[in-house]
Structures are given as C-alpha cells and as structure tokens.
Amino acid sequence: MKDNQAPQAIYLKDYRCPDYLIDKVDLTFKLYDQDTVVLSRMEVMLNPDSKVESPPLELDGGDIKLVTIKIDGELVNDDNYIVENEQLVLKAVPKSFVLEIETIIQPQSNTRLEGLYVSNGMFCTQCEAQGFRHITYFMDRPDVMSRFTTRIEADKSKYPILLSNGNPVGDGALEDGRHWVSWEDPFKKPCYLFALVAGDLACADDSFTTCSGRKVDIRLYVEPQDLDKCDHAIESLKNAMTWDEEVYGREYDLDIYMIVAVSHFNMGAMENKGLNIFNTSCVLANPATTTDAGFQRVEGVVGHEYFHNWSGNRVTCRDWFQLSLKEGFTVFRDEEFSRDMGCSIKRIEDVTYLKTYQFAEDAGPMAHPIRPDSYIEMNNFYTTTVYQKGAEVVRMIHTLVGEAGFRKGCDLYFDRHDGQAVTCDDFVCAIEEANQIDLGQFRRWYQQAGTPELEVSTAYDSGTQVLTLSVAQYCAPTPGQDKKQPFYIPLRISLFDSEGQPIVVKVKGDRSDVLYINEYDCVVPVFERKQEICFEDVSERAIPSLLRNFSAPVKLNYRCLKEDLAFLVRHDSDAFSRWDAAQKLVLLSIKEQIQNCQEGMDLVLDELVVSSFEYVLQDQSLDDALVARILMLPSEAYLVEETELSDTDAIFKVRQFFKRSIATKLEALLLSRYEGNKLSVAYEATAEQIAVRSLKNACLDYLSVLGSDVSESLCFAQLASADNMTDESAALRTIVHQQLGDWRGALDDFYNKWQHEPLVVDLWIGVQASSPAEDALAQVKALESHKAFEQTNPNKVRALYGTFANANLVNFHQGSGAGYQFHADCILAMNKINPQIAARLITPLTKWSSYNLVRQKAMCDALREIIAQPDLSNDVYEIVSKSLADQI
Ligand code: B3K
Ligand code: ZN
C-alpha cells in the first residue's frame with residue numbers, strides 16, 4: 001500500500017477515451033548487467049474524439065528512472081512536467097508532436113516478473129496487464145494502439161539471440177563485443193502485447209504453409225538442454241493453425257511465429273504478437289519427463305495463445321473490464337480445439353474445473369461478473385470467472401445460434417472490428433446482427449455475478465401423457481449485487497423410457513425459442529423466475545436427463561431417485577451425461593455418509609455406487625477415458641464446495657472410506673482392468689494411449705489403498721519399470737500418499753534421478769506437499785530450505801505453497817490452525833518478492849465461510865494478520881480486504 005492510504009478502485013463507469021493517441025513508437029534497448037537504458041520515440045497526437053480542451057498528456061510509469069524528455073527534438077525542462085502517483089504529466093503539449101523519453105531500469109533486480117526482467121540469465125518481458133509502464137513511460141491502456149519498432153543492443157556472446165515482435169529488419173556489430181538487431185511489427189497493437197527476449201538460446205524450427213499458400217517460419221527458443229522437449233509444442237501449434245483456418249476461417253498474418261520458453265513466469269503463457277512467451281511448464285514436453293496431463297496442457301495452451309492472434313490481438317479489448325472479450329472467447333476456442341484433437345472427456349474435465357473452482361469463487365467474497373465493474377489491481381481479475389465462466393457464456397451463445405450461426409457472427413465480429421479495441425457488447429452485437437436475434441436478457445450474464453440455481457421438479461400425467469417440468473431460478477446475492485434479475489438459461493433436455501430408449505421430445509405450446517438438436521434432444525430457454533416446460537406425447541413415466549453437456553453454468557437442484565441416476569449411468573446416450581449421472585449418484589451417497597460420520601454412525605457403502613462402477617468397469621466397449629473419469633471420486637475441494645460449513649476431517653474420512661470399500665468389493669475387476677491396460681507399445685501422447693493409461697492408473701489408485709502385499713508390489717513394480725512420467729509419477733504419488741513400503745527411499749531415488757529436470761522436480765515437490773500424512777506440514781517446511789526450492793520462481797512456489805494450501809485438505813485445515821498460520825507467513829514473504837503470486841496464494845483463505853466455525857475463525861485470524869502488516873502490495877491488499885468484509 002502506497003503512502004498508508006487505502007488503494008483506490010478503478011470503475012468501468014468512469015471510462016473515458018484517451019486524450020492522445022500514439023501512432024508510432026520506436027524503442028531502443030541497451031541491455032547491460034546493471035542498468036538497462038530505454039529510449040522511446042513516440043509520434044503523439046491529440047485524439048480527435050477527446051472531449052477535453054488542451055488536455056495534459058499523462059503517461060504511466062513506475063519503478064523507472066527518468067533521464068531526459070524531448071518534444072520535437074527540444075529538451076523539456078523541469079518546470080514543464082511533473083512525476084507523481086506513478087505518472088509523468090506534461091502540462092502543455094502541441095496537438096501533434098514527437099516525444100522522446102530516455103529512462104533507466106534494472107531488470108536484474110525485478111522479482112515481480114512484470115515488465116522487463118531476467119530469468120536464468122535471459123532477458124524477457126511480461127507486459128499484460130500493466131507491465132509496460134515498468135519499462136518506459138507510456139499510455140499503458142489497451143485502447144492506445146501503435147506501430148512498434150524495437151532495436152535491441154547487447155553483448156553478443158552472452159545474448160546472441162535478440163528478439164521482439166514482428167519481422168527482423170536489420171542487425172549489425174557494435175564496439176566492445178556488442179551487437180544489435182532491429183524488429184518491426186507491421187500491425188498496430190496495444191503495449192501489453194509488446195515483447196522482448198535476449199539470451200543464449202537454442203532453437204527448434206519448422207514451418208507452416210497457410211491456406212492461402214504463405215510459408216510461416218516457426219521457431220521455438222529454449223535453453224539448450226531442453227531442445228529434446230520441443231516437438232509436441234510445434235506439432236500442437238501447426239494443428240492449431242490448421243484448426244483456426246478450418247473452423248473460424250482465420251489465417252496467420254506474419255511470416256514468423258516465435259515462442260520462447262522461460263523458467264520464471266507468473267502464469268502459463270503470453271500471446272505477444274509474433275513472439276509468445278511461455279512458462280516452460282506449458283511448452284516443454286517429452287515422454288520421460290512430462291505426464292499425459294502435461295502433454296495435454298501444452299496442446300491447450302499453445303492453441304490458446306495462437307488463437308489470441310485473432311481473438312485478442314487483431315481485435316483487442318477497449319479497457320481491462322472487457323478482459324473476458326478475449327479470454328472467455330479464447331478459452332472457448334481452445335476447449336473446442338482440444339476436444340477436436342481427440343480428447344473425448346474434455347467437456348467433463350472443463351465442467352469439473354468450473355464447478356470446483358469457479359462456483360466457489362462465485363460464492364465467495366471475490367465474486368464478480370465476467371465483466372467486472374471495478375478493480376483495485378487488474379492482475380487480480382485474471383480469474384476463473386473471467387476465463388472459464390466467460391467461456392461458458394460464449395458457449396451458451398454458440399448453443400443458442402448453432403454452429404453455422406456462431407461462425408457467421410464471428411466472421412462479422414472479426415471483419416468489423418479488425419484493428420480495433422472493443423467491448424464485450426460489440427461481440428454480442430455482432431452475433432445478434434448476423435443471426436437476427438435479440439440477446440437483450442442474455443446480456444445479464446455479463447453484468448451479474450453469482451451462480452444461478454435451477455430448482456426443477458417433474459409431474460407426469462398418464463391421462464394426458466404430458467410430462468411437466470416446473471423450473472424456478474434463483475441467484476444468491478454477491479458483493480455489491482443484492483438483487484438479481486432472472487438469467488436467460490439454455491436448458492438442454494432428453495427423456496428416456498424404462499427400457500433406456502430415448503423418447504421423441506415435443507415441447508407443448510407455441511415456443512419458437514425451443515431448439516431441437518435432434519428429435520430426442522432439445523434446448524429450452526428458461527428466462528423467468530418460475531416457468532413450466534411441458535412435454536407432450538410422453539407415453540410413460542420418463543426419466544429426464546437435464547442440463548445435458550452442461551448447457552449453462554448453473555447449479556441444478558433436481559431431487560430424483562438414486563435408481564434413476566444409476567439408470568442413466570447405464571443408458572444415457574451421451575458420455576457427458578453418463579458421467580454426470582454417476583457423479584450425482586456418488587455425491588448423494590458421500591453426502592449421506594458425511595452426515596453419518598458427523599453423527600458418529602457407522603459408514604456404509606451404497607450398493608448402487610458399487611454396481612454402477614462394476615457395470616462401467618465390465619463394459620469393455622466403453623471409452624477407457626470415460627470409465628476412468630467415472631471412477632474418479634469427487635475431489636475433496638468439490639466436496640467442500642458441495643457441503644455447508646464443511647467438516648474437512650469428515651470429508652477426508654468418508655472419501656477414503658469410499659475408496660477403500662470400492663477397492664475391496666471390486667478388487668478382482670480393478671486388477672484385471674489394470675493388467676489389461678498395460679501398454680506394450682512405445683509411449684505416445686495420443687488420445688487413445690492417454691485413455692488407456694488413465695484407466696490403468698485409476699485402477700492402481702484404488703488398489704493402492706488396500707494395503708495388501710499385492711497392491712504394494714504393483715505400485716513399486718510400476719515405479720521401477722515405467723518408461724514414461726505418467727506412470728512413474730502416478731506410482732510415486734500412491735506410494736507416498738499411502739506411505740507404502742520404503743516410501744521415503746522412493747522419494748529420494750526419484751529426486752536423485754530427476755534433480756536436473758526442474759519440471760519433474762516440481763512434480764516431486766507437489767507429491768509431498770499434497771500428502772495426507774501427519775507430518776506433511778513439517779515436510780513442507782523442510783522443503784522450503786531444500787536446494788530445489790526458490791521463492792523467486794513461481795513454479796516452485798505453486799508446487800510447494802500452492803499445492804499445500806489447495807490440494808492438502810487435512811493438513812492445510814488441521815484443527816490447530818498451524819496450516820493457515822504457515823500459509824499467511826508464506827503470503828507475507830511473497831508479498832515482498834512477487835505480489836501477483838502472493839495474491840494468488842490467498843485464494844484458499846478467501847473461502848473461509850465454507851468451513852466449520854472453528855476453522856472460519858482461524859482462517860480469518862490468518863487474514864487479519866496479513867492485513868495488519870505494513871507495505872502490503874495493492875494485489876494482496878485488495879483480496880485480503882475484500883475477504884474480510886464479512887469477517888467473524
Ligand atoms: N493473456 C495472458 C494472461 C496475462 C496475465 C497477466 N496477469 C495469458 C492468456 O490468457 O493467454
Ligand atoms: Zn488468454
């Protein structure tokens with residue numbers, strides 16, 4: 001917090017267009033071991049749309065040393081400008097002029113990893129959202145779009161590779177062993193898309209020929225030891241380029257596409273024009289060191305950043321409140337891409353994530369609409385709401401207008417707004433216009449926070465053969481929004497008869513808004529607080545399958561028989577719905593047992609759960625990935641989300657009970673599927689192989705809890721013989737979490753084997769940080785001083801502190817409060833080093849109201865301890881202060 005004043009919020013309603021525009025920027029960077037000199041030459045002009053008479057020019061800038069300012073070649077003297085509140089203000093400037101600013105920055109000591117910084121000896125940048133202001137004074141807002149050129153000068157032996165956006169246009173030698181390279185980006189862009197890299201990097205290259213026949217050079221720059229981990233990212237990039245041409249008609253627009261892998265990075269990756277910068281964890285992949293999930297993450301993130309070239313770069317955001325315009329849309333695009341690349345359970349994974357983390361955010365103190373109304377620190381709004389719920393909103397639009405209508409709308413959006421900085425509303429307008437529809441009420445999804453709940457009940461009249469669904473919607477208040485208007489909710493429905501056959505669906509009445517996907521499957525919009533949906537010609541008591549494919553991001557409360565759920569697990573024609581029914585069945589049973597556990601009663605395993613699992617394990621025709629997913633019990637985090645005043649000990653105990661009892665009952669079947677799913681062919685990260693391994697390791701996970709010699713030797717045999725990281729890390733995890741045999745020895749051996757592979761070491765840290773063993777907190781503390789751990793590397797911090805707080809239910813929430821206390825100390829340490837990462841770590845504490853009263857108080861105490869500290873960053877202050885608004 002600056003000057004002991006509470007930081008101020010910025011509001012969407014205060015948006016004003018910029019008073020000046022910067023048409024062209026020429027940057028020169030002189031990189032040295034201590035100071036970096038930045039020269040910026042800008043062509044500035046008054047914005048014709050500005051309403052202000054002779055406005056001052058206000059440039060953003062922080063942590064930079066100003067050397068000189070010139071206007072049209074003349075030095076500006078000290079009386080004609082002021083620097084205050086992280087802004088450089090020039091009082092009187094011409095209507096159009098050349099502004100030259102020289103500044104000095106110190107990338108080597110930048111541990112916030114925002115702006116220009118150094119990672120493993122390599123210079124790199126991260127400018128989104130507001131990092132460019134730490135490089136030079138500029139109008140650091142996305143609606144100021146400029147053409148950039150960049151000249152980089154550096155020592156040639158230390159930094160042979162010098163990169164920036166666009167195309168290389170010149171290079172040469174300088175004195176003292178230095179050299180220079182110049183880059184020119186022909187596309188106008190906001191400064192958040194600026195990038196620079198300088199280092200001693202190896203390069204994997206390839207090329208792609210676009211649909212119009214242009215050849216694009218692909219270059220992936222990595223540290224030399226990682227050259228063997230580049231193939232998958234390059235393959236994924238080429239697939240993404242083809243997919244965007246085929247599905248959206250979008251072609252790549254520069255002659256070169258570069259990706260650089262960086263070890264120190266605050267998030268996954270960044271879509272800088274022509275020069276993506278990636279966290280190593282989202283781009284490097286090799287069977288020996290990367291799990292199947294890692295391969296899939298690389299494919300998804302490479303696709304995501306590539307798709308931003310159109311949804312984000314060519315058409316960008318007017319202001320940061322519109323972030324979901326590019327992020328929600330691009331997440332939707334990458335989800336569809338991954339599914340099309342063969343991931344059959346992609347929708348299941350995405351919905352699981354949404355329900356676990358986004359629903360929790362929507363129910364907590366940080367709840368905000370996908371287009372927020374205000375923020376203190378923009379970096380705090382790169383949230384699962386803006387990203388994943390934003391993608392769900394785009395998906396609903398896709399559902400409402402259909403594949404072809406959506407493409408028409410997107411074509412109009414891209415054509416109309418190419419080269420512009422626009423709003424979420426511009427996107428919705430383009431879809432409306434292209435499809436001649438009115439999305440007026442639908443827009444509430446952009447304005448209202450919170451997860452709507454749908455209360456559904458059914459009544460069947462055998463005389464009239466009408467099945468009536470009574471639907472009521474409700475959305476709980478969220479901070480700043482006490483009352484909600486009804487949402488427009490597409491509810492997708494099928495009906496099944498007692499034989500498991502689908503029934504033809506016919507919605508009664510004159511409803512032109514009902515969409516029939518086929519004769520058995522329809523989408524009925526729900527838009528009132530209470531509404532009835534009547535199906536005609538239903539010849540028997542049908543079993544409804546509701547919210548198919550998760551057609552809207554809502555909570556569905558439909559009290560049905562467990563037998564009906566078990567029926568749908570067997571008969572629903574859709575894989576997603578089968579999984580959904582299985583999850584609901586298990587969830588109902590687990591919740592009953594949590595109550596039993598709290599009342600001190602014996603725990604019992606529901607026979608319907610066992611028979612459903614037995615059924616899917618026996619049906620060899622089912623997709624292995626789906627079976628593995630059905631077997632996966634709801635996570636501890638999701639059980640917290642699903643229970644009130646959550647009792648973490650009971651959740652853990654009941655979940656373990658389910659696992660052990662299911663394993664005991666189905667041991668033979670699990671063992672045979674385990675054996676049957678051992679692959680004898682060489683590892684490939686194909687969807688087919690990934691599915692086979694996922695079922696094998698799901699079976700192993702069950703078998704490992706049996707504590708028998710057989711199950712123990714299975715785990716150790718797999719650890720010893722694995723030829724890929726998926727199997728190796730799965731075995732290590734079960735061994736350590738169940739504390740089988742010489743589990744400490746296994747951990748040591750694993751570390752010794754992989755200590756030179758930082759991403760594998762992260763897995764090793766994560767396995768320990770998530771262990772339910774009693775001494776896990778002590779182990780986490782010991783790891784803090786292990787040489788593999790560094791607080792300045794976000795991947796290490798996430799692996800240790802992040803995993804402990806987010807994925808170690810029993811130890812983080814231990815009754816003594818020691819887990820919270822430790823975590824608060826970590827957050828305070830990180831606040832000084834990297835505020836963005838510190839703020840992210842607070843998330844698990846923000847959810848204090850989900851837990852029982854003893855824990856609520858201890859969590860609030862930890863938050864109070866944080867807020868009492870001086871020198872809190874805006875990032876940390878915003879989240880902690882909002883979390884304590886309703887403290888106990
Ligand atoms: N656009 C970036 C995220 C930047 C986050 C800044 N705190 C990566 C992405 O979503 O593609
Ligand atoms: Zn993105």
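This is a predicted model: local features need pLDDT of at least 70, side-chain atom pairs count only at pLDDT 80 or more; totals for chains, interfaces and linings use all residues.
Visitor: In which strand is Val222 found?

Guide: Look at strand β19, residues 215-222. Val222 belongs to that strand.

Visitor: Does Val222 count as buried or exposed?

Guide: Start with the cut-off: buried means under 20% relative accessible area. Val222 has 0% relative accessibility, so Val222 counts as buried.

Visitor: How many Å separate the C-alpha atoms of Val222 and Lys653?

Guide: Take sequence and space in turn. Along the chain, Val222 and Lys653 are 431 residues apart.

Visitor: Now the ligand. Which residues come nearest to ligand 1?

Guide: There are 15 residues around ligand 1. Glu128, Ala269, Glu271, Glu305 and Tyr387 come nearest.

Visitor: How does the shell around ligand 1 divide into nonpolar, polar and charged residues?

Guide: Six are nonpolar, four are polar and five are charged.

Visitor: Which elements each supply at least two residues of that shell?

Guide: Find β21 (269-270), α2 (292-307) and α3 (323-340).

Visitor: Where do polar side-chain atoms meet ligand 1?

Guide: Go atom by atom. A side-chain N or O atom of Glu327 is 3.0 Å from an oxygen atom of ligand 1. For Lys326, a polar side-chain atom lies 3.4 Å from a ligand nitrogen atom. For Gln836, a side-chain N or O atom is 3.5 Å from a nitrogen atom of ligand 1.

Visitor: What part of the area of ligand 1 does the protein bury?

Guide: Taken alone, ligand 1 exposes 340 Å². The protein buries 95% of that.

How values were computed:
Residues are numbered from 1 along each chain as its sequence is written. Chains are lettered from A and ligands numbered from 1 in the order in which they are written. Side-chain values use heavy atoms; hydrogens and water are left out. Helices (H or I, at least four residues) and strands (E, at least two) are DSSP runs, numbered from the N terminus. Buried means under 20% relative accessible area, exposed over 50%, partly exposed in between (1.4 Å probe, protein chains only). A residue is near a molecule or strand if one of its heavy atoms lies within 4 Å of it. A polar contact is a pair of N or O atoms within 3.5 Å; within protein, one must be able to donate a hydrogen and the other to accept it, and residues adjacent in sequence count only if both atoms are side-chain atoms. Accessible areas come from the Shrake-Rupley method with a 1.4 Å probe; for residues, only the protein chains shown count as cover. Ala, Val, Leu, Ile, Met, Phe, Trp, Tyr, Cys and Pro count as nonpolar, Asp, Glu, Lys and Arg as charged, and the others, Gly among them, as polar.
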